Amino acid sequence: ILDSLKWLGMEPDEELLFQSRRVSIYKKYAERLLDEAKAYYEQTEKGKAIRFKNLKGKIIFYDIVKGKIEFNTGEFDDLVLIKSDGTPTYNFACVIDDIQMHITHVIRGEEHLTNTARHILIQRALGVESPEYAHLPLLLDKKRRKLSKRAGDVSLLDFKKKGFLPEAMLNYLVLLGWNPKNDREFFSHAELVKVFSLNGIQKGGAVFDEVKLNSINKHHLSLLSDERLSKWERAGLKNSVKNFDKKTRSEKKIWEAAMKTERGRISSYCDLEEII
């Protein structure tokens with residue numbers, strides 16, 4: 001994930017936080033809930049775990065994308081905060097991290113909606129204000145199923161190997177589920193920073209269309225400097241031409257000339273394999 005974000009030019013603003021190094025902090029908050037009778041110990045086969053006393057009733061919050069969200073918390077079990085081995089659960093650790101890092105907005109996939117309701121219950125028990133939430137629509141395949149590596153879908157960095165440019169990939173990903181309020185399709189990273197708004201995100205899932213991605217990549221390829229385009233082309237030849245590095249200098253020049261001739265028809269390294 002970190003490598004993917006770096007490739008897209010999205011560097012973190014702060015030092016990375018590792019939850020495994022913050023166990024003592026989570027335990028401190030759990031002990032506070034124990035002292036206030038808002039949590040309790042539960043004996044398991046492996047030792048004692050700490051569970052949150054679920055507050056029964058309705059919880060309502062407003063999501064930037066989804067609008068009004070309502071849950072019946074009576075359907076929730078008592079959430080485990082600290083496992084019997086002393087480590088925190090995700091649903092507890094992330095709440096404490098948000099509190100300590102003064103997080104104002106939590107933006108994540110819509111499959112976390114139920115988790116958000118649980119998080120708000122913990123925040124209220126600790127007497128802290130909840131951040132604003134925005135739950136994004138899922139990315140779907142052509143059959144409108146959730147994209148998943150378990151189902152054989154490719155990862156983001158697989159597109160890098162295919163020759164897609166990071167600026168094109170970022171441009172396309174932003175357009176999945178977001179509308180700029182006009183017909184414009186092509187944006188630079190700097191332009192996206194200026195015009196993007198959570199208010200433009202649609203509620204329904206977005207279908208991942210590689211044909212559209214090819215079109216956007218082709219546009220961004222046309223904007224490359226000669227030097228960067230040459231590097232992209234050389235990488236494509238190495239990727240698509242068998243034993244390219246072992247060919248003679250004159251043979252390489254022929255392939256490079258062919259590449260320049262076909263430049264206008266190419267949108268990814270996959271196109272090269274068909275053309276060459």
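**Notebook: loops, sheet, cysteines and charge pairs**

I started with Lys181, which is exposed at a relative accessible area of 68%, because exposed means over 50%, buried under 20% and partly exposed in between, with a 1.4 Å probe and protein chains only. The model is predicted, so I kept in mind that local features need pLDDT of at least 70, that side-chain atom pairs count only at pLDDT 80 or more, and that totals for chains, interfaces and linings use all residues. Residues are numbered from 1 along each chain as its sequence is written, and side-chain values use heavy atoms, with hydrogens and water left out.

**Entry: positive phi**

I looked up the backbone at Lys181 and found a positive phi of about 75 degrees, although Lys181 is not a glycine. Most residues other than glycine have a negative phi. Lys181 sits in the loop between H6 and H7; helices here are DSSP runs of H or I with at least four residues, strands are E runs of at least two, and both are numbered from the N terminus.

I noted Asn243 as well, a residue other than glycine with a positive phi near 55 degrees. Asn243 is in the loop between helix H9 (226-240) and helix H10 (249-261). Its relative accessible area is 44%, so Asn243 is partly exposed.

**Entry: the sheet**

I traced an open sheet of 3 strands in the order S1-S2-S5, with antiparallel pairing. Strand S1 (39-44) and strand S5 (80-82) are the edge strands, each pairing on one side only. From one strand to the next the twist averages 45 degrees; axes are lines fitted to C-alpha atoms, for helices over the stretch in contact, and angles run from 0 to 180 degrees between N-to-C directions.

Two strands count as paired if DSSP finds at least two bridges between them. I found 6 bridges between S1 and S2, in the antiparallel sense. These two strands form a hairpin with 2 residues between them, and Thr44 has Gly47 in S2 as its bridge partner.

Is S2 mostly covered or mostly open? I found S2 mostly covered, with 5 of its 6 residues buried.

**Entry: cysteines**

I searched for disulfides, taken as pairs of cysteine sulfur atoms within 2.5 Å. The count is 0 disulfides. I then checked the cover of two cysteines. Cys94 is buried, at a relative accessible area of 8%, whereas Cys270 is partly exposed at 31%.

**Entry: salt bridges**

I counted a salt bridge where a side-chain nitrogen of Lys or Arg is within 4 Å of a carboxyl oxygen of Asp or Glu. The whole structure has 13 salt bridges by this search.

Arg118 and Asp77 meet through their side chains at 2.7 Å, N to O. I found Arg118 buried at 14% relative accessible area, and Asp77 partly exposed at 47%.

Lys212 and Glu185 form another salt bridge, at 2.3 Å from N to O. This pair links distant parts of the chain, 27 residues apart: Lys212 is in helix H8 (residues 210-221), Glu185 in the loop between helix H6 (166-175) and helix H7 (189-195). Lys212 is partly exposed, with a relative accessible area of 26%, and Glu185 is partly exposed at 31%.

I also noted a salt bridge between Glu191 and Arg184, at 2.8 Å from N to O. Glu191 is partly exposed at 31%, and Arg184 is partly exposed at 37%. Arg32, Glu36 and Lys38 are linked in a network of salt bridges.

**Entry: a nonpolar patch**

Which residues form a nonpolar patch on the surface? I listed Ile1, Leu2, Leu5, Met10, Leu16 and Phe18, with about 610 Å² of accessible area together. Patch residues have over 30% relative accessible area and no salt bridge; nonpolar side chains (Val, Leu, Ile, Met, Phe, Trp, Tyr) are joined within 5 Å, like charges within 9 Å. Areas come from the Shrake-Rupley method with a 1.4 Å probe, and for residues only the protein chains shown count as cover.

I placed Met10 in the loop between helix H1 (2-7) and helix H2 (23-35). Met10 counts as partly exposed, at 39% relative accessibility.
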